[in-house]
Number of protein chains: 2
Amino acid sequence: MSLEAALRAALGDAHVLVDPELRAPYETDWTGRFTGKARCVVRPADTAQVAEVLRGCAAEGAPVVIQGGNTGLVGGGVPAGGEVLLSLARLGELEPVDRAAGAVTAGAGVRLAGLQAHARAAGLDFGVDLAARSAATVGGLVATTAGGIHVLRHGSMRSQVVGVEAVLADGTVLTRLAGLAKDNTGYDLSQLLTGSEGTLAVLTRVRLKLVPLAAHRAVALVGVAGTQQAQDLLAVARDRLRSLQAAEICYADGLALVREHNRLSAPFAEAYPAYAVLECAGGTDPTDDLLEALAEAPAVLDATVASDSAGRARLWAYRESLTEAVNAAAVDAGGVPVKLDVCVPAGALPEVVAALPETVAGVAPAARTIIWGHLNEANLHVNVLGAQERAEQVSEAVLRLVAAAHGSISSEHGVGRAKARWLSLSRSGAEIAVLRRIKQALDPAGLLNPGVLFAE
Amino acid sequence: MSLEAALRAALGDAHVLVDPELRAPYETDWTGRFTGKARCVVRPADTAQVAEVLRGCAAEGAPVVIQGGNTGLVGGGVPAGGEVLLSLARLGELEPVDRAAGAVTAGAGVRLAGLQAHARAAGLDFGVDLAARSAATVGGLVATTAGGIHVLRHGSMRSQVVGVEAVLADGTVLTRLAGLAKDNTGYDLSQLLTGSEGTLAVLTRVRLKLVPLAAHRAVALVGVAGTQQAQDLLAVARDRLRSLQAAEICYADGLALVREHNRLSAPFAEAYPAYAVLECAGGTDPTDDLLEALAEAPAVLDATVASDSAGRARLWAYRESLTEAVNAAAVDAGGVPVKLDVCVPAGALPEVVAALPETVAGVAPAARTIIWGHLNEANLHVNVLGAQERAEQVSEAVLRLVAAAHGSISSEHGVGRAKARWLSLSRSGAEIAVLRRIKQALDPAGLLNPGVLFAE
């Protein structure tokens, strides 16, 4: 029996897609930069079916690429060519919220927005939020240690994961979902699999911590003179505002793109070099505290604050629409953006931001570099337009700049295929040797996400 | 050249101890329950010397047992017999506090109390605190994912670790101390080594997150009718007190032992079945909030609150002196206590506490079972007096009770040698196989802490 026949027998015909037209939506990432043909697309419904798929692939030595919401930005979820594409989209079960423990167990295919709504309906909230919330899945968020806009308050996905269920390449199921408050019995496999980008095992369910639901929110959009001034503002805000949960930065060029794409009016009478978005949330209305903090921060050139839902959404749109606006601008120009996600020590942020356009221009003179990011973590999203043909050179130049500043070449998107060849800019040879020994220990045949994390 | 000669050449004669009298303090844990002869005790001064020691041991296939402050309670830091004992006590370097990052890098041999004082001198604090603070070392705290009394607020050691330096069994040095706010470039070795109990690598330095220093504290000692009532009190406190940072529980028998050992007066006119210790800390004085919360909690039978340093110490003494008092009582009776540290789901806590004395009596009829623990995490420290000869039977009975309640056989002390044979009560066969594959990948000759975590 062929592998495809075995998979059909296990999952049903409808969930083994071989027709090129049916496969197509799974074979290209949403930026359009990464694409490859899958041998077939399989859509198991639960952990047992995932295990059956993996046993079948292991028996034939067939490589597997794992996909959640296909919102990744480093090519980690689309085939290089010829792999079985394992979509976890159908693993959408959400267990009831455990209010006593402040936790919930979710299938890998649960969408972030669905998880948030589920938690809120039970009077709690989920600590991670990001713009791709309607499509990104829990499995992908854990596999890439997603960050987003609330890391300042609640940490990244790593801080939310208290248990996982996963299937090894040989079909062995590991289930550790009790999520005890403390558990000190050997290596923490949940933490090892978090951020492993599908190279060690396939996550099928995760146990996630929930956080208190904030009854009140207030958002400020602030015009500042530059990166250093935004950091000065953040220092005041962090010091004064226990309710601070987000601090974002973007720049004049990005804001102009967003305004054009979304037909938004200017937030202020004047344009400023940089803009910070601050959000506070808590059990009591944080608006007055936020206004007071802004009044005390010398870096503020102008500011607008919104406490109502519509007003908050309007201010967030300037920051959250950047990804779409940049993508649209790239498509208009007949290309796709080169997207890089990096982290630097906070002290190096102003100089790195200042050096980026020139660094990019050095290898792609006609390119436009649009930057935004998470201010508190000095996490920059570097988007380069008009450099599709020079994507590798742009990536290398930016990542070398970041490495020279003692930064990380991936802050929250992961390494994927996009950055695998540059892993040594962030990890020592000794570390990479250890990572490979761990990979070898858990996936000795190298069937899970080949080419992801480790260049082939 | 013999291994000892090579070690002397590397470390100097004064730091390779072969004389039985000099070795003795390292060969027995402080409870007196675990003891074994070391081949020699070596005391390297830095990471490079640790690497030299491990290369020498690897060349000869000599097993190594790693020791920090020798405050462990599961025999993980003392020899089984014949190992080279690697003491990290001299790795005591504390780098200046990085106030901008809110972090500090500490040598494995730094004492917890020293780290706390260092952080406080810089206007910050360390998020973990526990009674053994004057002796426990940073390396051991990370290796065992120590918890302590502030887990409720700041999490365990796992939440504080943002980077490590470690030496593999073959002498390879892994250094990852940048502690970037986000770093998503491959498996998180810091998290893998946290809690690995010295079985994968020797931690030599760690980068630790710091927390805000609280200017004000208030402590309450509360008499309640039992475990469930203490949990009811905690629910009110958690709900009302954002400044809550500790919630401990102990019982009438433990309090009586402490009073006797420390010659303390009774905290209340009446004795109560159980006592909770609550601590709040923050930038403003939390005393009034604490008093209000106590007034609203029906579970409170009597309570006393202290805000000044001496008063707080007096109330904490009822809880923090338990370990010493129990040890003294055991020594008086000519033995050592059997000490078990377990975690159960919060809902199972009252029934497990109620079942413990009878469970112990079933295998050791003359024993006394004294229980205390960390209320928020449902983490119990079970201390059994008068059962030294039946230590294995008592351990097995208690751990099986906990496993049946879906708890963990180790909450914060680790598995060590003491519980290695019962690891399967908390981890599935598939999980243990994966743990062993990881051990094999990083320490293929099995030289680091043999017998710890995995029974031989």
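Predicted model: local features only at pLDDT ≥ 70, side-chain atom pairs only at ≥ 80, totals over all residues.
## Extent of the interface

The contact between the two chains draws on 62 residues of chain A and 62 residues of chain B. Together the chains bury about 4800 Å², of which 57% lies on carbon and sulfur atoms. On the side of chain B, the residues that lose the most area to chain A are Lys182(B), Asn184(B) and Tyr187(B), and together they account for 22% of what that side buries.

## Polar links and composition

Between chain B and chain A there are 8 salt bridges. In one salt bridge Lys182(A) is paired with Glu377(B), and the closest N and O atoms are 3.6 Å apart.

Several elements of chain B each supply at least two residues to the side that touches chain A: strand S8 (173–176), helix H8 (189–193) and helix H16 (429–442). The largest share, 9 residues, comes from H16(B). By class, this side of chain B comprises 25 nonpolar, 23 polar and 14 charged residues.

Ser408(A) is located in the loop between helix H15 (391–404) and helix H16 (429–442) of chain A. Its relative accessible area is 1%, so Ser408(A) is classed as buried, the cut-off being under 20%.

The side chain of Ser408(A) makes polar contacts in both chains. Within chain A, the side chain of Ser408(A) reaches the backbone oxygen of Ser410(A) at 2.8 Å. Leaving aside residues up to four places away in sequence, Ser408(A) touches Val342(A), Cys343(A), Val402(A) and Ser426(A) in its own chain, and Leu180(B), Lys182(B), Asp183(B), Asn184(B) and Thr185(B) in chain B. Among these, Lys182(B) and Asn184(B) are also named with the residues of chain B that lose the most area to chain A.

## Helix H11 of chain A

Helix H11 of chain A spans residues 287–296, and its residues Thr287(A), Leu290(A), Ala293(A) and Leu294(A) are buried. Viewed down the axis of H11(A), the buried residues fall within an arc of 130 degrees and therefore line one face of the helix. In an α-helix there are 3.6 residues a turn, so residues three or four places apart point the same way.

The buried residues of H11(A) pack against strand S11 (216–224), helix H9 (227–240), strand S13 (274–282) and strand S14 (302–306) of chain A. On the face of H11(A) turned away from the buried side are the exposed residues Asp288(A) and Ala295(A).

Note on methods:
Residues numbered from 1 in each chain as written. Chains lettered and ligands numbered in written order. Heavy atoms only, no water. Contact = heavy atoms within 4.5 Å. Buried area = accessible area lost by both parts, 1.4 Å probe. Salt bridge = Lys/Arg side-chain N within 4 Å of Asp/Glu carboxyl O. Helix = DSSP H or I, 4+ residues; strand = E, 2+ residues; numbered from the N terminus. Nonpolar A, V, L, I, M, F, W, Y, C, P; charged D, E, K, R; others polar. Buried < 20%, exposed > 50% of the residue type's maximum accessible area, 1.4 Å probe, protein only. Arc of directions from axis to C-beta. Polar contact = N/O pair within 3.5 Å; in protein donor to acceptor, adjacent residues only side chain to side chain.
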